[in-house]
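Please look through the structure shown below with the sequence at hand. The paragraphs after it go through a few of its local features in turn.

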Amino acid sequence: MRLHIVHETQYRYSSPAVVSQQLLHLSPRVLPWQSCEAHRIGTAPPANEISEREDYYGNRSLHLLIAVPHEALVVRAESEVAVKPRAQAALAAPRVSWEAVRARLRALDAPPLVEPAEFLYDSPHVERSRELGDYALRSFTERRAVLEAGLDLARRIHRDYKFDRTATSVSTPLKQVLKEKRGVCQDFAHLMTGCLRSIGLPVRYVSGYLLTEPPPGRPRLVGADASHAWTSLWCGEGVGWVDIDPTNNCIVDDAHVTLGWGRDFGDVTPMRGVILGGGDQELSVRVTVTPQ
């Protein structure tokens, strides 16, 4: 799938902002299944300073400094990406029980799996709990294959929780999502991440995009007109990470574009920063992903 992506973020301020510093995670990753053939980020007003680096998880991040008074800030990221199918390969991989995956991560007589082990623990937006673990264990029954159980958990989240753009914000705690059973893709990714970490399995939070209008014969995915989020479950050595989208009850395939991953939303927020001045602010975001 060859995709063209436009992600435009606009802030309007009630009084001029004097200085704005912003950290962006808006650059698609280069991965075995994904290539970034063109990418550019522009701002209005133009940035006075720009620096780019890779963060701890290998995501491309951009730091902007705007040091002129402005009543609005527009950041426009445009990318051209090619994404290969990978769902069928994940389904055809060797079946490993979830208990075996958990035991290998705890093993003291084998080389440590440092990278997946980093995603076993609590993070600022995702705290493990007995309640989350109990919900997960309804899918993770004895000796069940880890991917099969993970897909069943995603199916249950899709069934039990309602997609509602007005129910939550970026600061809504996971406990509230559990109680009210509604939210958006970020909430469902955090929920699935918390469930799996609560039973001893490593999970990454993934930020990206969805194809806005799918090809004929394929369903339109929920959350396609904004940035999207899903989970990546470690399925054992020889299989590796498999991405699962609980919002759409599917294995991630060529309609998903990966921006980056981390422990939770806070590690890969598309855009965040601090300003001097500005007063009240109004935010609008527009995302369009179209096939080429």
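Tyr57 and Phe119 are both buried in this predicted model. For Phe119 the relative accessible area is 1%, and the residue is therefore classed as buried, the limit being under 20%. The two rings form an aromatic pair, with a centre-to-centre distance of 5.6 Å and 40° between the planes, which makes the pair tilted. Tyr57 sits in the loop between strand E3 (49-54) and strand E4 (60-66), while Phe119 sits in the loop between helix H3 (114-117) and H4, so this pair ties together parts that are 62 residues apart in sequence.

Phe119 has another aromatic partner, Trp241: the ring centres are 5.7 Å apart and the planes stand at 85°, so this pair is edge-to-face. This pair also links distant parts of the chain, since Trp241 belongs to strand E10 (residues 241-245) and Phe119 to the loop between H3 and H4, 122 residues apart. Trp241 has a relative accessible area of 18%, and because the limit is under 20%, Trp241 too counts as buried. These residues are part of one aromatic cluster, made up of Tyr56, Tyr57, Phe119, Trp234 and Trp241. The structure has eight aromatic pairs.

The next topic is a helix packing. Helix H4 (residues 130-137) packs with helix H7 (residues 185-197) at an angle of about 90°, and their axes are 7 Å apart. Angles of 65 to 115 degrees count as roughly perpendicular, and H4 and H7 are therefore roughly perpendicular to each other. On the H4 side, the residues that meet H7 are Leu132, Gly133, Tyr135 and Ala136. On the H7 side, they are Leu191, Gly194 and Cys195. Sorted by class, the contact of H4 with H7 has five nonpolar residues, two polar ones and no charged ones.

Where does His70 lie? His70 is in strand E5, which covers residues 70-83. Is His70 buried or exposed? The relative accessible area of His70 is 4%, so His70 is buried. The side chain of His70 reaches the backbone oxygen of Val68 at a distance of 2.7 Å. Which residues are in contact with His70, leaving aside its neighbours within four places in sequence? They are Tyr13, Pro16, Ala17, Ser20 and Pro45.

Definitions and conventions. Residues numbered from 1 in each chain as written. Predicted model: local features only at pLDDT ≥ 70, side-chain atom pairs only at ≥ 80, totals over all residues. Heavy atoms only, no water. Helix = DSSP H or I, 4+ residues; strand = E, 2+ residues; numbered from the N terminus. Buried < 20%, exposed > 50% of the residue type's maximum accessible area, 1.4 Å probe, protein only. Polar contact = N/O pair within 3.5 Å; in protein donor to acceptor, adjacent residues only side chain to side chain. Contact = heavy atoms within 4.5 Å. Axes fitted to C-alpha atoms, helices over the stretch in contact; angles between N-to-C directions. Parallel < 35°, antiparallel > 145°, perpendicular 65-115°, else oblique. Nonpolar A, V, L, I, M, F, W, Y, C, P; charged D, E, K, R; others polar. Phe/Tyr/Trp six-rings, centres within 6.5 Å; stacked < 30°, edge-to-face > 60°.
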